[in-house]
Amino acid sequence: MIPFNKPYVSGQELAYIRQAVEHGRLAGNGRFAKKCERFIEQRYGVVRAMLTHSATAALEMMAILLELRPGDEVIVPSFTFITTANAFALHGAEIVFADSLPGHPNMDAEKVEELITPRTRAVVAMHYGGDICDMPALERLCRERGVVLLEDAAMAIESSLDGRKAGTFGEMAVFSFHETKNIISGEGGALLINGGHWIERAEIIREKGSNRAAFFRGECDKYTWVDKGSSFLPSELQAAYLFAQLEALGEIQAMRKAIWIRYHEGFSKLEKKGHVQRPAGLPGRERNYHSYYLICRSLQERSRLIRFLHDKGIQAVFHYQSLDQSPYAAKFRDGKRKPLPHAAHYSDRLLRLPFFNELGRDEQDHVIASVHAFYAK
Ligand SMILES: *Cc1c(COP(=O)(O)O)cnc(C)c1O
């Protein structure tokens with residue numbers, strides 16, 4: 001079976017984990033964690049990067065930082081991972097769902113504008129497949145309306161728009177290092193902070209509501225409970241694995257680019273014949289080659305294609321189910337409306353193909369040939 005994903009080992013991961021073990025400190029905020037944070041800050045030009053045990057944890061930190069009051073609204077895309085919404089719901093937000101663009105799974109900035117009310121506190125942009133949202137439009141809108149712009153860049157490390165990298169548009173952003181992402185540590189994430197005023201409380205929130213970070217810097221003489229918080233740090237074992245991956249970033253991205261381009265060329269004829277749509281490009285974007293997907297003509301056709309590929313030894317998977325139609329969304333005012341059409345379109349039709357750094361050429365050719373065989377029937 002050609003799996004959908006296979007976690008990658010670039011070379012130094014086990015050596016770095018051994019070093020961490022031999023150094024004798026395995027909790028969070030250790031030497032490898034700091035190396036990873038400095039790497040991210042320097043490479044992406046963010047004011048502060050803070051490792052977390054997941055992107056979900058970093059989203060929850062954002063939600064706590066917002067100090068939401070009852071009735072405060074947070075706008076999220078409907079076509080996204082559950083935690084983009086759940087992190088804010090957990091901390092009391094009224095969730096409002098924005099539709100996708102007609103031609104791309106990303107959230108439609110014009111739709112966001114219609115959804116802003118005096119109760120809107122934040123807009124969370126998610127960059128699907130690593131294609132950056134219309135951030136210039138969202139930045140303008142959020143500035144005008146006094147709303148905090150946040151980025152769920154969980155799958156968008158290394159993507160850029162007109163030369164600006166994902167994670168640098170929002171006041172805060174998150175990356176994920178879950179094993180299905182480009183750069184991994186099994187589970188893992190980071191909170192990226194561009195607005196410096198968020199940093200002090202973010203440190204406290206990540207350290208269980210204590211001023212431990214300031215204490216260790218010698219800025220106060222005891223460490224105690226000063227605010228709300230939780231346990232959001234990854235262990236040094238995860239950070240050691242992650243640092244090896246970050247050092248191999250260039251090599252990893254080159255492998256992914258070759259795979260992406262081979263798929264894209266491999267499906268150009270099928271698109272011309274109108275059988276499938278390939279990922280649409282958006283102007284000014286540099287892709288990060290996170291995933292490769294096809295848009296099928298219907299839900300039924302997609303289900304048949306998944307079964308057909310499975311029988312050929314290929315694991316292909318669908319993706320998000322629109323959150324505006326999810327059972328839990330009914331709890332929110334906004335979850336009782338009719339389906340958002342474009343989000344529903346991608347929920348029903350988007351199919352992801354096996355995509356991992358070590359996908360072999362023969363394996364990839366088998367995937368491409370099998371999709372062709374399905375449409376030749
Ligand atoms: C993967 C992903 C997440 C969750 O990341 P974790 O690190 O597993 O918490 C959130 N949002 C998006 C858009 C993702 O792709």
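## Helix α10

Helix α10 covers residues 249-266, 18 residues in total. From its first C-alpha to its last it reaches 26 Å, close to the 26 Å expected at 1.5 Å a residue; the expected span is 1.5 Å times one less than the number of residues. Helices here are DSSP runs (H or I, at least four residues), as strands are (E, at least two), numbered from the N terminus. The model is predicted: local features need pLDDT of at least 70, side-chain atom pairs count only at pLDDT 80 or more, and totals for chains, interfaces and linings use all residues. Residues are numbered from 1 along each chain as its sequence is written, and side-chain values use heavy atoms, with hydrogens and water left out.

Which residues of α10 are buried? They are Leu249, Ile252, Gln253, Arg256, Ile259, Trp260, Tyr263 and His264. Buried means under 20% relative accessible area, exposed over 50%, and partly exposed in between (1.4 Å probe, protein chains only). Seen down the axis of α10, the buried residues fall within an arc of 135 degrees, so they line one face of the helix. The arc is taken from the directions from the helix axis to the C-beta atoms. Exposed Gly250 and Glu265 sit on the face turned away from the buried side. The buried residues pack against α2 (31-44), α9 (236-247), α11 (268-272) and α14 (361-376), with contact meaning heavy atoms within 4.5 Å.

## A three-stranded sheet

Three strands form an open, antiparallel sheet in the order β7-β6-β10. Two strands pair if DSSP finds at least two bridges between them. The edge strands, β7 (164-165) and β10 (285-286), each pair on one side only. Two bridges join β6 (residues 160-161) to β7. Ser160 has Lys165 of β7 as its bridge partner.

## Cavities and pocket

The whole structure holds three cavities of 30 Å³ or more. A cavity is a set of points on a 1 Å grid over the protein atoms alone where a 1.4 Å probe fits but cannot get out; a pocket is an open set with protein on both sides within 12 Å along at least five of seven lines; lining residues have an atom within 4 Å of a point. The largest cavity has about 40 Å³ of space. Arg256 is among the residues lining the largest cavity, as are Tyr8, Lys181 and Phe356.

The largest pocket has a volume of about 480 Å³. Of its 28 lining residues, Phe81, His178, Thr180, Lys181 and Tyr320 are the closest to its centre. Helices α3 (55-65) and α4 (82-89) each give two or more residues to the lining. The largest share, three residues, comes from α3.

Definitions and conventions. Points joined across faces, edges and corners; volume = space filled by probe spheres on them.
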